[in-house]
Amino acid sequence: PQPIRLADYHPPSHLVEAVELTFRLAPRGTRVRSKIRFRANPAGLENGNLRLDGENLRLVSCALDGTPLTALDYLLTPEGLTVPAERLPGPSFTWEAEVEIDPADNTALEGLYTSGGMFCTQCEAEGFRKITFYPDRPDVMAPFTVRIESDLPILLSNGNPAASGPGWAEWHDPWPKPAYLFALVAGDLVAHSDRFTTMSGRDVALNIWVRPGDEDKCAYAMDALKRSMRWDEEVYGREYDLDVFNIVAVDDFNMGAMENKGLNIFNSKYVLASPETATDRDYDFIESIVAHEYFHNWTGNRITCRDWFQLCLKEGLTVFRDQQFSADTRSAPVQRIEDVLQLRARQFREDAGPLAHNVRPDSYVEINNFYTATVYEKGAELIGMLRRIVGAQEYRAALDEYFRRHDGQACTIEDWLAVFEDVTGRDLSQFKRWYTQAGTPRVSAEWQVAEGRLHLRLAQELPPTPGQPLKEPVVIPVAMGLLSPEGAELLPETTVILDGPELTLDFDLDEMARRACIARPDHVIPSLLRGFSAPVILDAGLSRADRLVLLAHDPDPFNRWEAGRSLMRETLMEMLTGGAPDPALFDALDRLLAEDRLDAAFRALCLALPSEDDMAQAAHDAGLVPDPTAIHATRRAMQVAMARALQPRLAALYDAMDPGPAYSPDADQAAKRALRNSALTLLARIEGPARAKAHYAAATNMTDEIAGFTTLLETGDPDIARRFHDRWKDDRLVMDKWFMAQVAHAAPEQAVAIARALTDHPLFDWTNPNRFRSVIGGLTSGNPAGFHDPSGAGYRFLADWLIRLDAKNPQTAARMSTAFETWRRYDADRQALITGALDRIAAQDGLSRDLSEMVERIRA
Ligand code: B3K
Ligand code: ZN
């Protein structure tokens, strides 16, 4: 298929004034009647034909202004239907159609499908065209009226309930929206209900709809929803705009959740929680995803994207908003570190390989392949930089103007930046390069102290990415401070802007020393990129001693953590090539762990090692060929060394950090459990399984239970998997953890065999995306050394499953194929095995557009 290009955008020939839909639901033959009021678009550059998208639809009948059309009046292809301009009654007309669709056969989970006896929809990006003929593009916005006919008790759509009777319900959504925000749900559902009064005093009914039996697992999601609604009022002045807000939990869902107007649909994994079944991490995800989808009501729904190239307009901004919310709700530094860990693990990895693309891509074959860490997480970083550059007040003023100017519109990144330019009077043309250049910039620092002055030179470099050999310098805000070798703060935090290839700064040490009331130091330690002020790779040029000072004293918690992180990474790299860990690092960690005034979650993060994938990338960046087996063994050896060096401290923390039996998912308790469970895992490396056995037996919540379970899996308790299974076999979400943990915590040489055996387990339902991801993702992400087994068995296993899944669910198959994106890092044997697996996939007949685009891009 031909790629679609941003440069080819043209406005639609027709706009929609109103849509009426009637669904007569049946699993094997749902009838959809549509009545759509069209009007010619004066700005339409097209030929004036009426172009409607439509896929997998059986057309029963259609008419224009009441006159039935015959097959001679239109052109029907597998992609849609065109009525030539000369057959249209005039500039305004009503299109009516009836189509039949087969929701029970819809295994792609896009459009209208069935899941465990309920009907539900997923339309973003282009699923609405599988429901009826329509201009399925985000710049066509219209109010929708929907009638649902079905014997199922609960019938939901967007907007407000309009009328209902036995076997039917009508909904009306007054806010014009693109078709991708359409949703319909029908099922035997029960609600966890509540109410919310908005800042202007309007009363909103809130419902979380779940299968009977799950209603006692909705309280946390509801609480998160109400807090999100309040937060958006307080921080952004945004009020909810309908009489009801519905959330529905669905077991079969391709991603996390979807922001359909007034009817958010969620993967049940991100709604249902009880202390016994959900971990602290699950609670954390529920909170941030509920917030994210709710925040889309303004950033995405009221103001949407002109075309799918502008996806970051809604996603980057909404991720930034949900990160702000989490930072306000929990610990801000911990949130920042976690966000950066995610960014590096997923987005830097993407940027470093063949799938690198702009935050605003220039072209795509299948848009679902561009819901990426680059669009989402790097997109959010760009908003954060913008806010840092213009300041919090001007940022808020610009957002107010954005909502004022563009409410009800479908916008572009140019519109977004123009608002900031108008409100702040700045020229953002250089900043815009962040949206149009792929790749992670590299920033390096060099400095010297001479004659009482510090000369600091910052430089940026932009490595080439596929299709972009040369790049222009970007605008990099560098938040920084300076410390003396004793850890005294010499310079209060300031932000400098690196917008050329390099920047030289000059500081007067005498003056700084005077202000800090210390003698003039003969050495200075720059603390650069505080709070990770830009999504770049920094070579700070710091010695080990300098970093130990930052680890002990940096007033910026992010850079404190970062100093420890880089020492750990360096130590692991040295151990990989035969070195031994430096005891000074362990001493520093020991002191940090003893600082009781530090957040326990922060301490747990400082104790965590870089992942195996981080290490593989670090090895590659250092010009080495990473050996996944050696990396795994080295991390293990480091854990043993750490446990030995820190044993008394870890044992003391294990006892001190017990939050007691009354479980709460709040940040404070979760932090204690995080630190305590890190201590448990490390201690098990030298103590054997006794402590983990007791921990598992005593656990009264899933966070502790899974920590005990995974530790026992690793220390080789032969019976633990069976016991966990027998306890939880009837709980789908907990069993996802059971499947995943066994693969992720298997010894590398056994991982593929274990994964394969699990795919034969009676509870392995590979058509359920969560279950598929548990086992196949448990190997590819959870057990890199197992996945990269030198035999190639992991690659063959993944390829076999991608081929099988692609025939049913291309979107999830394509998503999972990114496990191969790092293939160029590895040795020639592994490269040949991976490219062989990719070529085998590419050679399949009838491969989806989704997976074939991915394989082609990865292979290139
Ligand atoms: N907007 C949806 C993602 C849709 C993905 C389509 N493949 C969820 C979100 O970002 O909130
Ligand atoms: Zn989103």
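**Entry 1: terms.** For angles, I take axes as lines fitted to C-alpha atoms, for helices over the stretch in contact. I also note that this is a predicted model.

**Entry 2: helix over the sheet.** I looked up helix H9, residues 509-516. Helix H9 lies across strand S25 (442-450), S26 and S29. Its direction is at about 55 degrees to S29.

**Entry 3: the sheet itself.** In what order do the strands of the open sheet run? I read S29-S26-S25-S31, four strands with mixed pairing. Which strands stand at the edges? They are S29 (502-508) and S31 (537-539). Each has a single partner strand, so one side of each is left without a neighbour in the sheet. On average, neighbouring strands of this sheet are turned by 20 degrees against each other, direction ignored.

I then checked one pair. S26 covers residues 453-461 and pairs with S29 in the antiparallel sense, over seven bridges. Within this region I found Arg457 opposite Thr504 in S29.

**Entry 4: the record.** UniProt, in an unreviewed entry, lists residues 439-539 as "domain: Peptidase M1 alanyl aminopeptidase Ig-like fold". I computed the content of that stretch: 8% helix and 50% strand. The end C-alpha atoms of the stretch are 16 Å apart.

**Entry 5: domains.** The domain assignment gives domain 1 (1-188), domain 2 (304-436), domain 3 (442-534), domain 4 (540-690) and domain 5 (718-860). I picked domains 3 and 4. Their centres, taken over C-alpha atoms, are separated by 27 Å. How many residues does each side bring to the contact? Domain 3 gives 15 residues and domain 4 gives 13 residues. On the side of domain 3 that touches domain 4, S25, S27 (476-483), S28 (489-498) and S30 (525-528) each supply at least two residues. By class I get six nonpolar, five polar and four charged on that side.

**Entry 6: ligand 1.** Which residues are around ligand 1? I list Glu124, Ala125, Met255, Ala257, Met258, Glu259, His292, Glu293, His296, Glu315, Asn368 and Tyr371. Strand S20 (257-258) and helix H2 (280-295) each supply at least two residues of this shell. The shell divides into five nonpolar, three polar and four charged residues.

Definitions and conventions. Residues numbered from 1 in each chain as written. Chains lettered and ligands numbered in written order. Predicted model: local features only at pLDDT ≥ 70, side-chain atom pairs only at ≥ 80, totals over all residues. Near = placed C-beta within 6 Å. Nonpolar A, V, L, I, M, F, W, Y, C, P; charged D, E, K, R; others polar. Pairing = 2+ DSSP bridges. Axes fitted to C-alpha atoms, helices over the stretch in contact; angles between N-to-C directions. Contact = placed C-beta atoms within 7 Å. UniProt positions renumbered as here; feature names shortened; annotations may be inferred. Domains from an automatic or database assignment.
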